[in-house]
Each structure stands twice: as structure tokens, then as C-alpha cells.
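Subject: Structure handover

Hello,

Here is the structure I promised. Please open it alongside this note, and my findings follow below.

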Amino acid sequence: MSEIILPAVELPDSGVETPRGRVSVPGPRIAEKRLAVDPGHIFGLLLAARAAAEKAHAPYSRFHVGAALTMADDPVGTVFTGCNVENASYGATICAERNAIAAAAGAGFRKIALLAVSTCDSLSGPLPGRSPCGVCRQVIREFADARTLVLIDRDDASGILCDVVDIDRLLPWGFALEP
Ligand code: THU
């Protein structure tokens, strides 16, 4: 096992007084987190995400994406996968991450352990071009907890295997129906 340290992101609140009241600028407060991960599990999911991307139906964008995940509440560690499935209407397109999550949720599981995403056409590019879209972040949030990690595939001259984030860093202030 290897220990991953997600750094703290802590900035003070600020704001400005206006004649109508205070305009508040909330600072993020995300504590440092240390999680033990199995490098073999990470590598296996990245490979599974790349393989899933080969199944993408992407005749419009020609941008192939694959996702692979395991669920913390699945005792046998099934690897669920998905690819992006585009549609002539464009708007009916479903992303790879949401297809993989729907497969896991449909099998009865509710808590993502690790989710790998591979945008195999942009692996050597900057993080925004390899990251889950906003809709997928909100859907990941639905099935994430404090231990969930998202692995963003990468392949460039740096030798870095992937970028790792948790849901707080991926979607600060994500919408939640919680008391
Ligand atoms: N896409 C994904 O599958 N996942 C994301 O998180 C970002 C975008 C797909 C949707 C579309 O088929 C193509 O990438 C280009 O946007």
C-alpha cells in the first residue's frame, strides 16, 4: 500500500460591504487528507478505463473517453466500466463516467472507492482537458464519500501515471440535499 496525501486548501473568507448588504466571498476550507491506496488497484483501473474508451461511440466529437470504477460496498471488487455514448441530438450524449456509475448503481452499489477516467485523446494535455465535466462531478458526488478518489489518467514525458483528487477538490460546494 502507498499513502496518498491530498494537501489542505484553506483560504480565509472575504467580502465587501455594499449599501444593500455584504457580498460574501467564501474561502475554501478543505482539510489535508491521507489515504492508503493499492498501486496495483490504481494501475488496473487506469488500464480498464483506457480499454473502455476503445468502445466509445463518439462519431461527432471523435473524443473517446473511458471510465472504470470499483465500489467500496461491493465485497468482490467488481470493476464497472463505461464509455461516452454520443447522440445525433448532441444533448442526449452520456459521458463515460456517468455510464460507469449507472452500471455500478444499477448493480445495487452506492459508494465509489476509486474511479478512473481516461480521455485517451488528450492524455498529455493540461488537467482541464482530461477531467470529468461538471455534470459528472455532481453525479460522482452523489456516490462519493470522504474516502473516494478520482484518478485522472495522464501520459506525458513526466512519467506521472495519473492525477488524483477527492470529491471536495473536484467539486467544492457541490450541491447537496442535506440538513
Ligand atoms: N465526455 C465524457 O465522456 N466525460 C467527461 O467528463 C467529459 C466529456 C465526452 C462527452 C462527449 O462525447 C465528448 O467527451 C466530448 O465532449
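Contact here means heavy atoms within 4.5 Å. Keep in mind that this is a predicted model.

Start at Val150. Setting aside neighbours within four places in sequence, Val150 is in contact with Leu115, Pro132, Ile140, Asp163, Val164, Val165 and Leu170. Val150 also belongs to the largest nonpolar core, which has 23 residues. Together with Leu69, Met71, Ile101, Ile112, Leu115 and Ile140, it touches the most other members. Two or more residues each come from β7 (65–71), α2 (96–106), β9 (112–119), β10 (149–153) and α4 (167–170). The largest share, five residues, is from α2. There is also a second, separate core of 15 residues, with Ile4, Val37, Leu46 and Leu149 among them.

Next, α2 itself. Its buried residues are Ala96, Glu97, Ala100, Ile101, Ala104 and Ala105. They lie on the same side of α2, because they cover an arc of only 165° around the axis. Their cover includes β7, β8 (80–83), β9 and α3 (134–142). Gly108 follows α2 and has a positive phi, near 105°.

Now the cysteines. The disulfide count is zero. For Cys120, the nearest cysteine sulfur is that of Cys83, 11 Å away. Cys120 is partly exposed, at 32% relative accessibility. Cys136 is buried, with a relative accessible area of 1%.

Salt bridges number ten.

- Asp13 and Arg29 meet at 3.3 Å, N to O. Asp13 sits in the loop between β2 (9–10) and β3 (14–18), and Arg29 is in strand β5 (residues 29–30), 16 residues apart. Asp13 is partly exposed at 44% relative accessibility, while Arg29 is exposed at 58%.
- Arg50 pairs with Asp153, the closest N and O atoms being 2.6 Å apart. This pair links helix α1 (residues 39–53) to strand β10, 103 residues apart. Arg50 is partly exposed at 29% relative accessibility, whereas Asp153 is buried at 1%.
- Asp156 and Arg154 meet at 3.0 Å, N to O. Asp156 is partly exposed, with a relative accessible area of 23%, and Arg154 is buried, at 19%. Shared partners join Arg130, Arg154, Asp156 and Asp163 into one salt-bridge network.

Best wishes

How values were computed:
Residues numbered from 1 in each chain as written. Predicted model: local features only at pLDDT ≥ 70, side-chain atom pairs only at ≥ 80, totals over all residues. Heavy atoms only, no water. Core = buried A, V, L, I, M, F, W, Y, C linked by side-chain atoms within 4.5 Å. Buried < 20%, exposed > 50% of the residue type's maximum accessible area, 1.4 Å probe, protein only. Helix = DSSP H or I, 4+ residues; strand = E, 2+ residues; numbered from the N terminus. Arc of directions from axis to C-beta. Disulfide = S-S within 2.5 Å. Salt bridge = Lys/Arg side-chain N within 4 Å of Asp/Glu carboxyl O.
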